[in-house]
Amino acid sequence: MAPIASSREEFDEIPTVVGIFSAFGLVFTVSLFAWICCQRKSSKSNKTPPYKFVHVLKGVDIYPENLNSKKKFGADEKNEVKNTPAAPKNSLHLDLEKRDLNGNFPKTNLKAGSPSDLENVTPKLSSEGEKEAVSPDSLKSSTSLASDEKQEKLGALVFSLEYNFEKKAFMVNIKEARGLPAMDEQSMTSDPYIKMTILPEKKHKVKTRVLRKTLDPAFDETFTFYGIPYTQIQELALHFTILSFDRFSRDDIIGEVLIPLAGIELTGGKMLMNREIIKRNVRSSGRGELLISLCYQSTTNTLTVVVLKARHLPKSDVSGLSDPYVKVNLYHAKKRISKKKTHVKKCTPNAVFNELFVFDIPCEGLEEISVEFLVLDSERGSRNEVIGRLVLGAAAEGTGGEHWKEICDYPRRQIAKWHVLCDG
């Protein structure tokens, strides 16, 4: 009987031993999993986000993991700053490793420049070694104009350029615009914003926020472009377009500024520039031409419109690389009843479309019918801009009215004509 009792005791001890080993194994597994997760989290936090550019607004970076919604942005901030003493601004750092526990960049003292400093065109060196100077090229007009032409004052644009060699990052800070014209005749003010493109490739297109009801907007927005070698900076140019937002129609174009970067040295630090805004499209003599074919079928009461070609289209910007397409609107008694558009033709001033559209006419005859053609430049991520406009109808002047009269006199005949585009 003794051997049987001892074997039972040994059998009862086996579950206890298995439970102890299972508990130790579970604790070890959970600890290992937590350690791996911590290592992955720490390695991810040290990586630079793979963005092509980073937008810094009013000194606050907008990485998704560190978006601070407590900042207030608006046009009224400039008026508040005028009534308070100048306070030091936070310098903008690109090193993500220097953030504090809350994900913010550490503050450093930087001398704040007064408005009079921006108007001074003599080079200056700050105590931190940053070069805030106006280059000799900034004293020249961005586009040569005839001496007998008298340009209206469109204001000035103040911005700074800087290159970070450690990160291979090119930084453009759009500080402010001054003395803009009023585009709203009722309120005698504007709602300005700025679009910027790096030429000639037009790969980087960015824009600022809209500031309401101001002629002296203070943007203070920084755009950082990564992966641009310093040797390539000399081959690029910056194109700024200053616009006024319009809620009910196309935004008004105030003017533009072109900055060729050839000859600008950024090795000494930040460079401050002040350029006059010039009128847009002063370089182009015309809007180009559009070849249209029309045919009126009186039996089916339809109008066939063929958009054939466009030629000599003006430069939508200084690169000369437009991406045109044509929008066709059919009007009855000044009310739009139908609309069509062609495909986009990439990077060409002489586009071949060859696209046919058939419109049903809601009335007998073409007396109250007109067709509008808008040639636009396709821009990804922003509102497309009108290159030129053409209207064909009984009340149209010039070749537009002649072409319309011919299709009315000779129905069922396809008639094609070249037409000169006018301003949109």
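The model is predicted: local features need pLDDT of at least 70, side-chain atom pairs count only at pLDDT 80 or more, and totals for chains, interfaces and linings use all residues. Residues are numbered from 1 along each chain as its sequence is written, and side-chain values use heavy atoms, without hydrogens or water.

Select Phe-28, Leu-32, Trp-35 and Ile-36, a nonpolar surface patch with about 430 Å² of accessible area together. Patch members have over 30% relative accessible area and no salt bridge, nonpolar side chains (Val, Leu, Ile, Met, Phe, Trp, Tyr) being joined within 5 Å and like charges within 9 Å; areas follow the Shrake-Rupley method with a 1.4 Å probe, only the protein chains shown counting as cover for residues. Leu-32 belongs to helix 1 (residues 2–45); helices (H or I, at least four residues) and strands (E, at least two) are DSSP runs numbered from the N terminus. Leu-32 is partly exposed at 41% relative accessibility, where buried means under 20%, exposed over 50% and partly exposed in between.

**Helix 5.** Next, select residues 399–409, in which Gly-400, Gly-401, His-403, Trp-404 and Ile-407 are buried. Viewed down the axis, these buried residues fall within an arc of 160°, so they line one face of the helix; the arc is taken from the directions from the helix axis to the C-beta atoms. Their cover includes strand 11 (289–297), strand 12 (302–311) and strand 16 (369–377), contact meaning heavy atoms within 4.5 Å. In helix 5, Asp-409 and Lys-405 lie four residues apart, about one turn, and form a salt bridge with closest N and O atoms 3.0 Å apart. A salt bridge requires a side-chain nitrogen of Lys or Arg within 4 Å of a carboxyl oxygen of Asp or Glu. Asp-409 is partly exposed at 44%, whereas Lys-405 is exposed at 54%.

**Strand 3.** Move to Ser-160, in strand 3 (residues 156–164), which is buried at 2% relative accessible area. Its C-alpha atom is 5.7 Å from that of Met-273, 113 residues apart along the chain. Beyond neighbours within four places in sequence, contacts of Ser-160 include Met-171, Asn-173 and Leu-272.

**Salt bridges.** Finally, select Glu-221 and Arg-209, whose side chains meet in a salt bridge (2.6 Å, N to O). Glu-221 lies in strand 7, and Arg-209 in the loop between strand 6 and strand 7. Glu-221 is buried at 0% relative accessibility, and Arg-209 is buried at 16%. The whole structure contains eight salt bridges.

Conventions. Buried < 20%, exposed > 50% of the residue type's maximum accessible area, 1.4 Å probe, protein only.
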